[in-house]
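Q: I would like a close look at one part of this model. Please keep it brisk.

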Amino acid sequence: MSSDTGTKKMGLVGLTVLVAVNMMGSGIIMLPASLAQVGAISMLSWIVTALGAMCIAYTFAKCGAFCKRSGGMSAYAEEAHGKSSFFISSYTYYVCLVISCVAIAVSALGYIKPFMPWLDTPMHTFYGVVAILIFTMVANFGGAKITGQISAFTVWGIIIPVAGLSIIGWWWFDPQTFMSAWNPHHDTTMHSVSSGIALTLWAFLGIESAGANSDAVENPERNVPLAVLFGTGFAAIVYIASTGVIQGIIPNSELAASTAPFGLVFSHMFNPTVGNIVTLAAVIACIGSLLGWQFTNAQVSKAAADEGLFPKIFAKTNKAGVPIAGMLIMLAAEILLAVMTISPNLISQFNALLNLAVFINMVPYILSMTGLEVLLRKNMVSQKQYRLGATVGTLAVLYSIYGVYACGATAVFGGTILTLLGYIFYGFIAARDTKPEMKAN
């Protein structure tokens, strides 16, 4: 019997592919234009981020293997920092996903703009973002099965063009175009690398879910960390190759102003028709990715409500098991954020959302990854395993702190206020759970 079940479990190669595909969603779709504002020197940012992301992925894989209860990052954080960190991790992750959903909607709109030039004004951009958010939210009311099927199919709309560009794009690559875009602002190398860190780190957000399939994997203690490292490494290679080759095909000034960089590069390589097909595929991929992230965030808030850490309304579901009330609250928060980040320039709006999302996401990252040492001790691992896990985990945390620095003062300021607001909410939760002591007469 055990052998039968074992044959049905996923092996190292299958899990590696799954990790890579899950990571390579809509995060890359606007980055060539954003990175062009830094210059081709941002290739160095990719290298630093790839190494940091592999440390983060390995740390989360180990946490997932050794944490025996549900809760994901929040549970890992509680191991080291107590119950309040479970709430703050859940709260900041929820806020991060709200921000990320708006950023993905902005990305989708950027790729729609070539077909609808009238979306160029700030208010029309806002209306378009809101329409995308409402459409994808309502589509989630059908339940997990429909959302999963749509997301699993649409993600290939961006994976295929990006991976394809990283392979065939070199036939159109011009070294002179690439070198002329190397450092257009003549900044120092350190400043340029730091400017690109938050942008490149955005592409790897979601890496925390890489080790979530441990129960369905053969020999998870060995295969999950390896698959996470191989999958992350593969995604990093595709990211570096695709953004590098595009900067050697499209002149820097043109690329920096584009709202649909992958559509633009395929138009240059082939013809406008091919470019339009890639652009439409990217829009579909964004819609599918947005569906998945909105559903994920609804489940995050529902899980926190089930634990008594979020208001009960987030836990209420319909007959299909969908927390519609919680989704509507999330939609209201997304629309409010879209109002607050209205910008004359769509790429500027995307970059502002990206920096804020990356900073907010580093809060649960750091809280949860610092729980690895406790989990290793509790599971009585060997001294060699402990040293390796603690070393990689510490490097992952240090890189995450560097990621916070790279987000810039505006994002850190706004993100800190949002994080501190969470402690107000937790104060009420802690008071509710405290039993009053009887006063002596």
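Which residues in H11 meet which residues in H19?

A: First, the ground rules. This is a predicted model, where local features need pLDDT of at least 70, side-chain atom pairs count only at pLDDT 80 or more, and totals for chains, interfaces and linings use all residues. Residues are numbered from 1 along each chain as its sequence is written, and side-chain values use heavy atoms, with hydrogens and water left out.

Now the contact. From H11, Met190, Val193, Ser194, Ile197, Ala198 and Leu201 meet Tyr399, Tyr402, Gly403, Tyr405 and Ala406 of H19. Contact means heavy atoms within 4.5 Å. Helices (H or I, at least four residues) and strands (E, at least two) are DSSP runs, numbered from the N terminus. By class, the contact of H11 with H19 has nine nonpolar, two polar and no charged residues. Here Ala, Val, Leu, Ile, Met, Phe, Trp, Tyr, Cys and Pro count as nonpolar, Asp, Glu, Lys and Arg as charged, and the others, Gly among them, as polar.

Next, the geometry. Two packed helices are described by the angle between their axes and the distance between the axes. Axes are lines fitted to C-alpha atoms, for helices over the stretch in contact, and angles run from 0 to 180 degrees between N-to-C directions. The axes of H11 and H19 (residues 383-406) come within 8 Å and cross at roughly 105°. The two helices are therefore roughly perpendicular (angles of 65 to 115 degrees; under 35 is roughly parallel, over 145 roughly antiparallel, the rest oblique).

H11 (residues 189-202) also packs on H17 (residues 346-369): their axes come within 9 Å and cross at roughly 80°. That makes H11 roughly perpendicular to H17. On the H11 side, Ala198, Leu199, Leu201 and Trp202 take part; they meet Phe350, Asn351, Leu354, Asn355, Ala357, Val358 and Met362 in H17. This contact has nine nonpolar, two polar and no charged residues.

H17 also carries one ring of an aromatic pair. The ring centres of Phe60 and Tyr365 lie 5.1 Å apart with planes at 75°, so the pair is edge-to-face. Rings of Phe, Tyr and Trp (its six-membered ring) pair if their centres lie within 6.5 Å; planes under 30 degrees apart count as stacked, over 60 as edge-to-face and the rest as tilted. Phe60 sits in helix H4 (residues 43-66) and Tyr365 in H17, 305 residues apart. Both Phe60 and Tyr365 are buried (under 20% relative accessible area; exposed is over 50%, partly exposed in between, with a 1.4 Å probe and protein chains only).
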